[in-house]
Amino acid sequence: MAATQTIGNSRTAWNGSAVALGLMKLRTFIALFAVLIFFSVAAPNFLSTANLVLMSKHVALNAILAIGMTFVIVTGGIDLSIGSIVGLCGMVAGGLLLYGIDLQIGWTIYFNVVEVILITLAVGVLIGAINGLLITRLNVAPFIATLGTLYMARGIALLSSDGRTFPNLVGKPELGTTGFGILGSGTLLGLPLSIWILVAIGAMASYVARKMPLGRHIFAVGGNERAAALSGIRVRRVKMLVYMFSGFCAATVGLIISSELMASHPATGETFELNAIAAAVLGGTSMSGGRGSVGGTIIGAFVIGVLSDGLVMMGVSSFWQTVIKGLVIVAAVVVDQAQHRLQQRVASLQLARTV
């Protein structure tokens, strides 16, 4: 009788823990649903089509950055330089469109819009590669390495124009430099191009994470770097690629913002890295590495976007908005730690049931 009661209690504990674990895994969906319901009631125009499209356009920028950040965090790293890369790449695009490259022999090379975009993306990837080299070859801690490139990229952006804005990036027809504004202000099927760019990058990143060996290697490196190396995974190469991808995502956002504003400012992108980290954490990416998903990160970015947009529409002070977003991020980290402990408990209960 006692043994039967013990088995029954164990089964009840396992069922309760499994249900709680399932709810924790769905916490980002639940959070997004909750804030949507709350602000649709509290702010009358929140669910209007115009507001939802505008909000999605803003969320897309943070989500693109957060996708790159997710891969970095999954490997156990961090990339603090992405906000500065956004600013620098915007200045690179603006400078190339306005002034081209002066060869100092009386000639100046001008580039069309496609070439400017490709060069700017290459600059973002290059800075990502520098981060990767510092971390993998010189064994600099990711926090320190990317903090250094944060300052360097921001400093170069400021030096490029003495702190001034590159305005009026409409280009000149005779030089073939017109059309830059399409990237930030263009639409496809009624939606801004930035949303379609998010869809493309998100689909590509999700495919890599789920279907390609590189994705499995990224999670393996974050789960146990030593074991990954012993199993033949080229850890340095994997880390290099994730930082280069993070730089690519940051350059993309820099291009979109400069195109939308038709101007480049060296201070663009300040604190963007914090929003990207927050979106990744809210989406279930573990700061200790090894866990995370692209879909979860995108939903996390939407939670932050909905929260920001809704609070603005309710007239909440920007100071309180910062406090509330901070509380949400802390809560997300606490829940993530609770989920990790619960996973271990469910695994032990599962093992006890099978013995």
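Modeller: Let's begin with Thr 271, which lies in the loop between helix 11 and helix 12. Keep in mind that this is a predicted model.

Biologist: Okay. What is phi of Thr 271 near?

Modeller: Phi of Thr 271 is near 70°, a positive value in a residue other than glycine. Most residues other than glycine have a negative phi.

Biologist: And is Thr 271 buried, exposed or partly exposed?

Modeller: Thr 271 is partly exposed, because its relative accessible area is 45%, and that class runs between 20% and 50%.

Biologist: Where does Met 262 sit?

Modeller: Met 262 is also placed in the loop between helix 11 and helix 12. Phi of Met 262 is near 55°, again a positive value in a residue other than glycine.

Biologist: Let's switch to helix 5. How far apart are its end C-alpha atoms?

Modeller: They are 34 Å apart. Helix 5 covers residues 113–136, so its 24 residues, at 1.5 Å a residue, should span 34 Å, and the two values agree.

Biologist: What happens at the start of helix 5?

Modeller: A side-chain oxygen of Asn 112 reaches to within 3.1 Å of the backbone nitrogen of Val 114 there.

Biologist: Which residues of helix 5 are buried?

Modeller: There's a list of them, including Val 113, Val 116, Leu 121, Gly 124, Ile 127, Asn 131 and Ile 135. The cover over the buried residues of helix 5 includes helix 4, helix 6 (142–161) and helix 11.

Biologist: Which residues line the largest cavity?

Modeller: The lining is Val 86, Gly 87, Gly 90, Met 91, Gly 254, Ile 257, Ser 258, His 265 and Thr 268. Helix 4 (82–99) and helix 11 (235–261) are the elements that give two or more residues to that lining.

Biologist: Which helix gives the most to the lining of the largest cavity?

Modeller: Helix 4 does, with four residues.

Biologist: How does the lining of the largest cavity divide into nonpolar, polar and charged?

Modeller: Three residues are nonpolar, six are polar and none is charged.

Biologist: What volume does the second largest pocket have?

Modeller: About 410 Å³. Its lining has 22 residues, with Gly 283, Gly 284, Gly 292, Ser 293 and Gly 296 nearest its centre.

Biologist: Which helices supply at least two residues of the lining of the second largest pocket?

Modeller: Helix 2 (27–42), helix 3, helix 8 (193–211) and helix 13 each do that. Helix 13 gives the most, with four residues.

Biologist: And how many charged residues are in the lining of the second largest pocket?

Modeller: Four, along with eight nonpolar and ten polar residues.

How values were computed:
Residues are numbered from 1 along each chain as its sequence is written. This is a predicted model: local features need pLDDT of at least 70, side-chain atom pairs count only at pLDDT 80 or more; totals for chains, interfaces and linings use all residues. Side-chain values use heavy atoms; hydrogens and water are left out. On a 1 Å grid over the protein atoms alone, a cavity is a set of points where a 1.4 Å probe fits but cannot get out, and a pocket is an open set with protein on both sides within 12 Å along at least five of seven lines; lining residues have an atom within 4 Å of a point. Ala, Val, Leu, Ile, Met, Phe, Trp, Tyr, Cys and Pro count as nonpolar, Asp, Glu, Lys and Arg as charged, and the others, Gly among them, as polar. Grid points are joined across faces, edges and corners, and a volume is the space filled by probe spheres set on the points. The expected span of a helix is 1.5 Å times one less than its number of residues. Buried means under 20% relative accessible area, exposed over 50%, partly exposed in between (1.4 Å probe, protein chains only). Contact means heavy atoms within 4.5 Å. A polar contact is a pair of N or O atoms within 3.5 Å; within protein, one must be able to donate a hydrogen and the other to accept it, and residues adjacent in sequence count only if both atoms are side-chain atoms.
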